[in-house]
Amino acid sequence: MNLDFKIDGGDICVKLVGELDEYRARTLRPDVDKLIDSHGIKSMTFDMKSVTFIDSTGLGFVLGRYKKLRQKKAELLLKNVPPQVDKVFRTSGIYSFVPIVE
Amino acid sequence: MNNYFMMKLPSDGKNEAFARSVVAAFSLACSPTVEEINDLKTAVSEAVTNCVVHAYKDSVGVIEISCETDAAENAMTVSITDYGCGIPDIAKAREPFFTTRPDEERSGMGFTIIETFTDEMYITSSPDKGTTVTMKKVFKGC
């Protein structure tokens, strides 16, 4: 599946789409990691607007990207988090280290 | 009248979306709210993921899902059974963030999410025989 993203200097915004479960996370991971490994990344924003479902595997995917970005001294940001996704995120406490931006 | 159904499917990751959607569709008779449907879908997805990722690891086995509505309580009970490796320490497995596979970026939140998103959760498991996770969701509406 093609990844929808925008690069603005060192800031990359990725639009995630559909259901972020075990099946989808597996195929998404290498594509997103390729972007993270691109030269001079400062931040990555996940636009969650079109994510219709997430479970703990999708959460693991997001946490994994946070760790990978941190190793590169870059930050992860979240945007447009829908209610179902928000509930899973709140249960995990991810907001204490991954902020939501407008 | 209490309604019920059972299904069997192979522990293929592709089936997760199907499994949670079927259970969600069955719950519609209880007039759940959108949030309650999402809670149920998320909880079912966690239990099915456990079968795919942990119970049968690199093999494919059978997952049995049974659902029963309770008309008097406007609730639904979902049982998800595998015949895989079993859980050696259930108390440990229930701890938030505990995972046996940290190398794979597992969040360790599966059972915590089922517990938080449903009203009751029971786990029975024996090593090399399998695991059954039973969850009950009460639909309160509005």
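Visitor: How many residues of chain B are in contact with chain A, and with how many there?
Guide: 21 residues of chain B are in contact with 18 residues of chain A (contact means C-beta atoms, placed from the backbone, within 7 Å). This is a predicted model, where local features need pLDDT of at least 70, side-chain atom pairs count only at 80 or more, and totals for chains, interfaces and linings use all residues. Residues are numbered from 1 along each chain as its sequence is written, with chains lettered from A and ligands numbered from 1 in written order.

Visitor: Which helices of chain B supply at least two residues to that side?
Guide: α1 (15–27), α2 (34–55) and α4 (110–117) of chain B each do (helices are DSSP runs of H or I, at least four residues, numbered from the N terminus). The largest share, nine residues, comes from α2(B).

Visitor: OK, over to chain A. How many residues does its helix α2 have?
Guide: α2(A) runs over residues 56–71, so to speak 16 residues, and reaches 22 Å from its first C-alpha to its last.

Visitor: Which of them are buried?
Guide: S56(A), T57(A), G58(A), L59(A), G60(A), F61(A), V62(A), L63(A), R65(A) and L69(A) (buried means 20 or more other C-beta atoms within 10 Å).

Visitor: And what follows that helix?
Guide: K73(A) follows α2(A), with a positive phi near 55 degrees.

Visitor: Where does α1(A) meet α2(A)?
Guide: Among the residues that meet, α1(A) has L28(A), V32(A) and I36(A), while α2(A) has F61(A), R65(A) and L69(A).

Visitor: At roughly what angle do their axes cross?
Guide: Roughly 15 degrees, and the axes come within 9 Å (lines fitted to C-alpha atoms over the stretch in contact, with angles from 0 to 180 degrees between N-to-C directions). So α1(A) and α2(A) are roughly parallel (under 35 degrees).

Note on methods:
The expected span of a helix is 1.5 Å times one less than its number of residues. A residue is buried if 20 or more other C-beta atoms lie within 10 Å of its own, exposed if 12 or fewer, and partly exposed in between; C-beta atoms are placed from the backbone. Two residues are in contact if their C-beta atoms, placed from the backbone, lie within 7 Å. Angles under 35 degrees count as roughly parallel, over 145 as roughly antiparallel, 65 to 115 as roughly perpendicular and the rest as oblique.
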